[in-house]
Amino acid sequence: MILFENVTKTYNDGRTAVKGLSFEIKKGEFFVLIGPSGCGKTTVLKTINRLIETSSGRISIEDRPIDDYKLNELRWNIGYVLQQIALFPHMTVGENVAVVPDLMKKSRAETEKSVNHLLGMVGLDSEVYRDKIPSELSGGQQQRVGVVRALAADPDILLMDEPFSALDPVTREKLQNDLLELQRSIRKTIVFVTHDMREALKLGDRICLMNNGEIVQIGTPDEIVRQPANEFVRRFLGDAVESVQTVSPGASLTAEELAEPLASDYQLSNNGAVTIGADTEVGELLRHFAAEERLLVRRGDTVFGLLQREQTLKRIARELEERGAK
Ligand code: ADP
Ligand code: MG
C-alpha cells in the first residue's frame, strides 16, 4: 500500500541520505526500519508524509503518487509519533489529542468516544487523565498520549520515529507491549523506526535493515535471523544476542527457560524434531533455528519442553529487553 520506487533524497548540502530505494509496505503491516544512526531512517519516514520532498523516484500510497494528494489530506491520513513528543503544554490531554479531529471538523461526541477508548487501550484511564496537563504526566505517559494523538483522527498509516528510545527500559517494554496489543485491534499500517534490533525483532512483521542510505535486507524477523544477508546483518543480530551476556553475566538464557511444556498428547515419536539439551544457550539456539522449525528440549533422557521458532524468537527478543532493564 506504500510503494517506494527508486527513491533518492539529496539534501541541499549535496549529501545523499537515501539512494534509489525500492520496496513495498503492505496494508496493515508493522514495518520496522532499522540501521545505524545517520543511515537514512528518518529521511525515509519523512518522505512518506512529505515533511521532506524526494529528489527523484516516486512514492505511492494506495496506488496514488503522494504528490497527487492534497497536503492536508495526506497528513491527516498519516499519524506521526516522534521520540520526544511535543504535546501542547497549556492544553489538557483531552484537548491535545482532539486537535486533528477538530481540524477535520469531526463531531465532538465521536472524537471523545474514540479518544476515551484509545486512552484506555494505552493504559490511561480517561476519567483520570483527560483533564490533566502534560507536565502532570511522566515521560512514558506523555509518550502514550502522543500515540493516542497520532491515532485520534483514525489515520490509515502511523509513522513512528524511535518513539520509545528516550524512555527507561521498563517503560519502553510496557509501551511496546501496549502497541502490539493495540495493533492487534486497530490494524494500521505502521512504519516504525528504531536502532534497536531487539525492539525490531519483537515488534516487526517485517524488518528493513538499512546502511548508508541503502537497503541491506528486508525480511520477517524469522528470515533475518535464519538467513542474514551478510556480515553487517549478522553483526546487528549479534549485538542483540550478546547484550544478554554483557548486561547480565552468568544469567544467559537457556532452552529450559524458553521452552513451553509439552502437551501430554504430544507425539514424540516420528515427528522428526531435533532434540537439544536444557542448558543450550541463545546463540546456539538461533543456529538451530536456522534449520529447524521446532526443537524439543531434554534433560537427561526426559524430553519435557518444546521450542517453536516464531514464538521463541519473540520470547528471546522480549527477554533480552527485560534483562536490559536490570
Ligand atoms: P537516521 O534517522 O537513520 O539517523 P537521517 O535520515 O536523519 O538518518 O539522516 C541521513 C543522513 O542525511 C545523515 O548523514 C544526515 O546527516 C543527513 N541529513 C539529515 N537531514 C539533513 C538535512 N536537513 N540537511 C542535510 N543533511 C541531512
Ligand atoms: Mg533518525
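Predicted model: local features only at pLDDT ≥ 70, side-chain atom pairs only at ≥ 80, totals over all residues.
**Glu 29**

I looked up Glu 29 and got a relative accessible area of 6%. That is under the 20% cut-off, so I put Glu 29 down as buried. I found Glu 29 in the loop between strand 2 and strand 3 (30–34).

What does the side chain of Glu 29 reach? I have a polar contact of 2.5 Å between the side chains of Glu 29 and Arg 206. A polar atom of the Glu 29 side chain also sits 2.8 Å from the backbone nitrogen of Lys 26. Leaving aside neighbours within four places in sequence, I listed Glu 24, Gln 183, Lys 188, Thr 189, Ile 190, Asp 205 and Arg 206 as contacts of Glu 29.

Next I traced an open sheet of 4 strands, in the order 2-1-4-5 with antiparallel pairing. Which strands are at the edges? I noted strand 2 (16–25) and strand 5 (64–65), each pairing on one side only. Strand 4 (residues 56–61) runs antiparallel to strand 5, and I have 2 bridges joining them. Within strand 5, Arg 64 is the bridge partner of Ile 61.

**Gln 267**

Buried or exposed? I read a relative accessible area of 55% for Gln 267, so this residue goes down as exposed. I placed Gln 267 in the loop between strand 11 (260–261) and strand 12 (274–277). I also checked Gln 267 against Glu 284: they are 17 residues apart along the chain, with 25 Å separating their C-alpha atoms.

Notes: Residues numbered from 1 in each chain as written. Chains lettered and ligands numbered in written order. Heavy atoms only, no water. Pairing = 2+ DSSP bridges. Buried < 20%, exposed > 50% of the residue type's maximum accessible area, 1.4 Å probe, protein only. Polar contact = N/O pair within 3.5 Å; in protein donor to acceptor, adjacent residues only side chain to side chain. Contact = heavy atoms within 4.5 Å.
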